[in-house]
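I open this notebook to record what I looked up in the structure shown below.

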Amino acid sequence: MSISRRNFLKVGLSSMAFFTLETTTPSWIARSAQAIGTGDCLSEDRILVIIQLAGGNDGLNTIIPVTDAAYHAARPTLGINAVDAITMDGLNSMHPALQPLADRYQDGRFAVVQNVGYVNPNLSHFTSMEYFERGYVPGEVQQIPGWASRVYDNACGCTIPDESLFYLGSGVPRIPQTMARGDCYTPPAVRDPDNYQLNADTDEALRIATIHALNDATVAPLSELEFVQRSANTMEASIADIATANATPQIVPAGSYTSDSLGRGLRLASQVIRAGFKTRIFYVTLGGFDTHANQIINDRPTERGNHPRLLGLLAQNVESFLQEMELSGNLDRTLVMTFSEFGRRVAQNASLGTDHGAANSLMMWGGSVAGGIYGGQPDLTDLQRGNLKHQIDFRTVYSYVIEEWLGCDASAVFGNTVYNDIIQPELPQIPVIEFPSRVRPAAWNAYR
Amino acid sequence: MPLLDPHPGPLTEAEAAHLARRAGFGATPSEITALTGAGVAGAVSSFIDYNPIDPAIDNQIDALPDTGDNVLIKNPETKRALQGWWLYRLRHTSSPFQEQLTLFLHDMVTTEWDKISQDLGDRVNPGNDGTNEDQFCGPADLDGVDEPLPPDDTRGDRWTARLVKEQNTLYRENAHGSYTEFLKLITRNVAMLFYLDNKDNRASGQQENYSREIMELFSMGVGNYSEQDVVELAKVFTGETVDDACARNFPLLYEWDGTIHSAGSKLVLGTTIPFSATPGQETDQAIDLVMSTVTNSGITPAHATLPAASIFLSWRMLTWFLSESIPMDDPAVEELATVFSSVSGNGYAYDVRETLRTLFESQLFYDPQYRNIMYKHPVDYTMMAMRNLGLEDTLYASRIPSRLNDMGMDILDPSDVNGWDNGGSWVYSGALIARFNYSNTLSTSSIATNAWCDSLIPAHVANQTDNAGIIEFFRSHLIQDTLRAEHVTELTNFLAAIDAGAGSQTAKYRRKVRGCLHTMMAVPEYQLK
């Protein structure tokens, strides 16, 4: 369980600023130096699970403004009526496919932040995804490491607590931009925990030891070879940990998780947490939200079609995960947050779908979540090219989570200037998380 | 053209090996020697002047005995079978550059198997989605009456296999020529019409999926068009659809449907495209505009003078064949875009083969700073070893595709519309485990058609204690560059440890050869090309 220390000792020092050479020196370097050694960041047992809804989730058909006539006018076929949806606050209802999560809302542990986006929204999947994952917006200096990587690199100054396995469960063995290309840590990428081990038909111990040794050889810093070896070192250090986690029995009944990337990822995240690892940030993906066509099936708009199916998968797997956290006594220290690269066009298109849009809602669940709908009601009559205008910069929400939940300095992640000018005035609007017993960090209090 | 000035030649062995790794899937030591004697133009020509429609491999596949995975790849009806069909070609082709180009296009102008098969499966199976709309009919159903096919859960996969094979063949046979003409073909490709939904793009309400991605990912790059251009181009593309009516034809053929084509003129990239009732005329004109428009977007200085598509596509070619980290404003991009947008000796612009000939013959391409700095993708990782060593894993459908998937490359079914992430994303921890476990599989003689561990290094069988010779054999076939001294020491110690253990000399020799192959493919240098 010494993955971070091992990596740091082996390759971390020589690879400092490995990828940041590719970009202008960010303004927050000086700030991050001050953050080193505060001893607060990530020091509590809080867990953040990030769920990417890849392709652009249709937020308006997820958290539905059922009372808004403009919504029904724009979506005569796609629109969902109040009678078919699950009532939330009188103005909004959740899609019936989210039924497994309905009790969480009743319990006050399901929060929604509406109108989340950024200035000059880009309707390209990949450009917009880069903004959300690396945590910058149009007109600012491009960031290379993901925002979660920067939590580790800058807010913690690479002083990652021992055992802070930074784990990813995903359908492919890759690392999302959100947690990629950090200076101080290359997280493991696990596709299939059952096969996350090295095999050899003969001379197994000897061959595996040789493979590890070959990847420990002296290497030039900042080289592609070093990147390969760093990754191989992560592999070596994480194999036993993943095996330990994978041996942790599932609490919820068989079939509670689905076999897609989301179900497998959340199942493994639960195992890692319940095995006692001090992992802080998880990231899992559910794809397929690019619903240009056949988002619904005409005669069964709430039951069939791609979007109800995906929301059903989301709800089933998140609820299974929350139940395991609850049954194991981990729910209060767990926060689940969704994001998507954009919402979708307010008006439906001609093929029972919606094209790329802009501002969107973002959902959170967990034992410390102060449930409710935040961020104001989307205005469907004041659109930009048919898309919702954003009211809240997505980094406002991220900052809130970084500060309030992870206990880190968000300005070290997003830049001091950005933090003060854009994020800080918006922060008090979204008290999504309750902290009955926690003393807020001084840096946070200064902004209240 | 200082960067693209021709390399005076001849190629050194290191330069020839570099060309073979990038333009193909590597070369054996004797092939490398031949390349060094062929002159630069001759060496490059040996890769890129292939015959685009060569029945040899198809004939070879047809002639395979009906055993094992052969049955699957001769008549592919599932994703794994069709992947096996391609992997057989990758292993056996005499035109490896054609396959690298096919992979390049599959990565850039991609479709995902799962979306097509899901869509088809829903539509051809009444009961799957509770609706009788949009059902397709069988080929025998020519009586003019729409009637549903009986439910069949394999139909979606079978039809997807046919569509995706057709698309893969389109890439393969047209990759070398005019990219503009290729774009016109892929726009009317049925798999693409399904994947990016243009089959559902109608005058009554256009849908923007294809119009956005053709500009963003297949030609110009983001930032060179407006949202209004996306809307207008979508109108142009209305009518390019799929014939799925039972009565008219075998289902799933491309069709121009003038009744859903948007009326009126369209303003695309600042140019008015007048309405045309001639099938596809507006589409062809719009694609010519997409390829030729100088946008002056300011993204790079070259955007002031060169068509945006020439810059974006040259950059994509360079990131596939030269360096993944080359920035779009690199002078090499502008030089290559100048070549790409000019009319070639074949009489047309956007000539992919001639543009890449210029690159592969250039001093830039052989600059040592670009050597062994690209991350091998999983197809490189597996095929370079098999082709250079003369090995063959014959489980083309039932093993190799799932192992490639473990490595992160489910060919024919990439993660999203942007293909694969490429670069360093190929070597994250889980992917390395999958690579090293496959090299273990490959080192096990029972999977190969030849009893390789006895015959692979015949010169050394007589001297089974020549450990340095074993290491040198795999170095010269797999690494083809200097092996670091620490690596030589580790491998030497590894082989010595086997010698020191129990077993007959012949048995230990086999274990040494197998173990050396397994571990050599885990050397960091072998992950690069």
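Does A:Leu352 count as buried or exposed? I found that A:Leu352 counts as buried, at 17% relative accessibility; buried means under 20% relative accessible area, exposed over 50%, and partly exposed in between, with a 1.4 Å probe and protein chains only.

I note that this is a predicted model, in which local features need pLDDT of at least 70, side-chain atom pairs count only at pLDDT 80 or more, and totals for chains, interfaces and linings use all residues. Residues are numbered from 1 along each chain as its sequence is written, and chains are lettered from A in the order in which they are written.

**Entry: backbone of chain A.** I looked up phi for A:Leu352 and found a positive value near 55° in a residue other than glycine. A:Leu352 sits in the loop between β9 (334–339) and β10 (360–366). A:Arg385, not a glycine either, has a positive phi of about 50°. I place A:Arg385 in the loop between β12 (383–384) and β13 (387–388), and I record A:Arg385 as exposed, with a relative accessible area of 53%.

**Entry: chain A as a whole.** I read 14 helices and 14 strands in chain A; these are DSSP runs, helices being H or I of at least four residues and strands E of at least two, numbered from the N terminus. Of its 448 residues, 63% count as buried.

**Entry: chain B.** I found a cis peptide bond from B:Gly9 to B:Pro10, with omega near -10°. B:Pro10 belongs to the segment before α1 (13–23) of chain B.

How values were computed:
Side-chain values use heavy atoms; hydrogens and water are left out.
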